[in-house]
Amino acid sequence: MAVQSNLKNMALVLFTVCFVCSALLAGVYAVTAEPIANTNAAILAASINQVLPEGGELSEAQSAEVEGNTYEYYVSTKDGKPFAYAVKSTTVGFGGPLVLMVGITSDGIIYGTSVLSHAETPGLGAKCTTDEAFIGQWMNFNPIEKKLAVKKDGGDVDAITASTITSRAYTLAVENAVKVYKSIKAEEE
Amino acid sequence: MSKLQLFTKGILKENPTFVLLLGMCPTLATTTSAVNGLSMGLATLFVLVLSNMAISAIAPYVPDKVHIPVYIVVIATFVTVLQFVMQAYVPGIYATLGLFIPLIVVNCIVLGRAEAFANKNGILDSALDGLGIGVGFTLSLTVLGIVREILGGGSVFGWKFISGDGMLAFVMAPGAFLCLGYLMVLFNKIAKK
Amino acid sequence: MEYLLIIISAIFVNNILLSQFLGVCPFLGVSNKLSTATGMSGAVCFVITLATLVTYLINKYLLVAFGLEFLQTIAFILVIAALVQMVEIVLKKVSPSLYAALGIFLPLITTNCAVLGVAINVVTKEFTFGLPSHMLSLTEAVVYAFATSVGYGVAMIIFSGIREHLAMNDVPKAFKGVPIALVSAGILALAFMGFSGLVK
């Protein structure tokens, strides 16, 4: 079946195969790079739209530094004035990083939250993406009137059943986003 | 062996999961739900068919001593193509299966078929062989995914028919081992009579 | 402190075999006897640590530096395959006794997904280990790889002990071999789940 091996044909075949494969991949990469970028942009845009009120014009990504951590955020403007902010906030959950997009309107009220990525336990902490009661409470949550902490810690956030650590991480992410919002506000004035 | 047999042997007689015991890592890791199992199976099927065809085409020109590295490069190429395509068009599934898509490269099924079949058979036969083994693998993964989703979440393909939480352990790591173990027992009882 | 967390997390909390399912094929294949399981674990430990070090550097200074990330999978698997061959040759010359202990397992390691899995994870995933989530530095990556492979060894050796006992028991016919091994592995994984949440 196979050819007798000698140094020349081994090197030649290996080189040719590697060359052809790399060239093929470079081609496929070039073709798919744009769809991949579009898909990622669409996912990001969808998560931002989900947490912000409609009707604004979205800015490019901007960054703010609060307490030594850098946060990415997007400003939505209406009639030339900023009227809502979407802040990307990362904390540590039960299983690993928990990344949220938090939408805050210009009067400091949380409009909505969505999970960008998480590593929580399926069926327990992972409910932070599906549990309607948990997600629903963030709609119009006013961090000035209510305390941003789970009820077990004396706050006003209903934790997911049996997933206190995830709920705490989620709450902390929202709290950090509020801090970012405050620092952006302070800078604007 | 007829063309039909080439295709069907992978499903039962040489089922990669239950008989050949190959590709255990993705089998255990990605079958948390029926959809995930099915997607992983189809991803592997894609690589298996293409790499089988490519390897059967180039095998006569590859010197014996370097055949393994050459096959690995060919397989890795198709896996990377699959990665790009999935990232572009099914990002959700790509994110769920994560690491196990690039790991198709070291799935023993793919290299195993290249070594055992594709390098000494024609392109059409190799494609059928890859298709059969791939379908067998997909079926096993889907069945395991269905069982774990029913036990762990009370649903099938996302359609929930038992309210409440189900036995979460079956969606987590231990459930993967237990379910596969018991399914294998069942398979042995039924198929090996 | 961080390194301690990495080590505990990699060995117990996110055990590569029992919670990440990497390298299960050799886990089931060579865990029949304690002696072979120990040999395999040693070889895996050696190769994972070395391969992670090399692939980390290649990724940083070749692939990323020249915008060739799309060759990652191919480059990594080739590097690992070449590395395993080289380790085999060097070991044979330098330390025949170590070669005698690990040698027969080395060829099997190229297709052990634990090696490629850890190498890819280290350069693509963000980790936390008690800090804000971040990409691993070279030292962290090597410590993580080493600890992960120790976790592989721990699970492998415990499991081979269990299997040696299983072999002496009267197991129903349909359960013989791999099925009963899988069920036992499930129970062992259940035990390791007790560590979850210990390190974030």
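A: A residue counts as exposed when its relative accessible area is over 50%, as buried when it is under 20%, and as partly exposed in between. The model examined here is predicted. N140(A) has a relative accessibility of 54%, so this residue counts as exposed. Its place is the loop between helix 2 (132-136) and helix 3 of chain A. Most residues other than glycine have a negative phi. N140(A), although not a glycine, has a positive phi of about 55 degrees.

L21(B) is also not a glycine and has a positive phi of about 55 degrees. This residue lies in the loop between helix 1 (3-8) and helix 2 (24-29) of chain B. With a relative accessibility of 28%, L21(B) counts as partly exposed.

The aromatic rings come next. In chain A, one aromatic cluster is formed by F134(A), W138(A), F141(A) and Y170(A). Over all chains, the count comes to 15 aromatic pairs. One of them joins Y85(A) and Y181(A) edge-to-face, with 5.7 Å from centre to centre and 65 degrees between the planes. Y85(A) belongs to strand 4 (residues 81-92) and Y181(A) to helix 3 (residues 164-188) of chain A, so this pair ties together parts that are 96 residues apart in sequence. Both Y85(A) and Y181(A) are buried. In chain B, the ring centres of W159(B) and F161(B) are 5.7 Å apart and their planes stand at 35 degrees, so that pair is tilted. W159(B) counts as exposed at 59% relative accessibility, whereas F161(B) counts as partly exposed at 38%.

As to the cysteines, a disulfide is a covalent bond between the sulfur atoms of two cysteines. The structure holds 0 disulfides over all chains. For C25(C), the closest cysteine sulfur is that of C108(B), at 3.6 Å, which is too far for a bond. C128(A) is buried, with a relative accessible area of 1%.

The last topic is the interface of chain C and chain A. Here 12 residues of chain C are in contact with 14 residues of chain A. The size of an interface is often given as the accessible area lost when the parts come together. Between chain C and chain A the buried area is about 1,000 Å², and carbon and sulfur atoms give 79% of this area. The count of salt bridges between these chains is 0.

Notes. Residues numbered from 1 in each chain as written. Chains lettered and ligands numbered in written order. Predicted model: local features only at pLDDT ≥ 70, side-chain atom pairs only at ≥ 80, totals over all residues. Heavy atoms only, no water. Phe/Tyr/Trp six-rings, centres within 6.5 Å; stacked < 30°, edge-to-face > 60°. Helix = DSSP H or I, 4+ residues; strand = E, 2+ residues; numbered from the N terminus. Buried < 20%, exposed > 50% of the residue type's maximum accessible area, 1.4 Å probe, protein only. Disulfide = S-S within 2.5 Å. Contact = heavy atoms within 4.5 Å. Buried area = accessible area lost by both parts, 1.4 Å probe. Salt bridge = Lys/Arg side-chain N within 4 Å of Asp/Glu carboxyl O.
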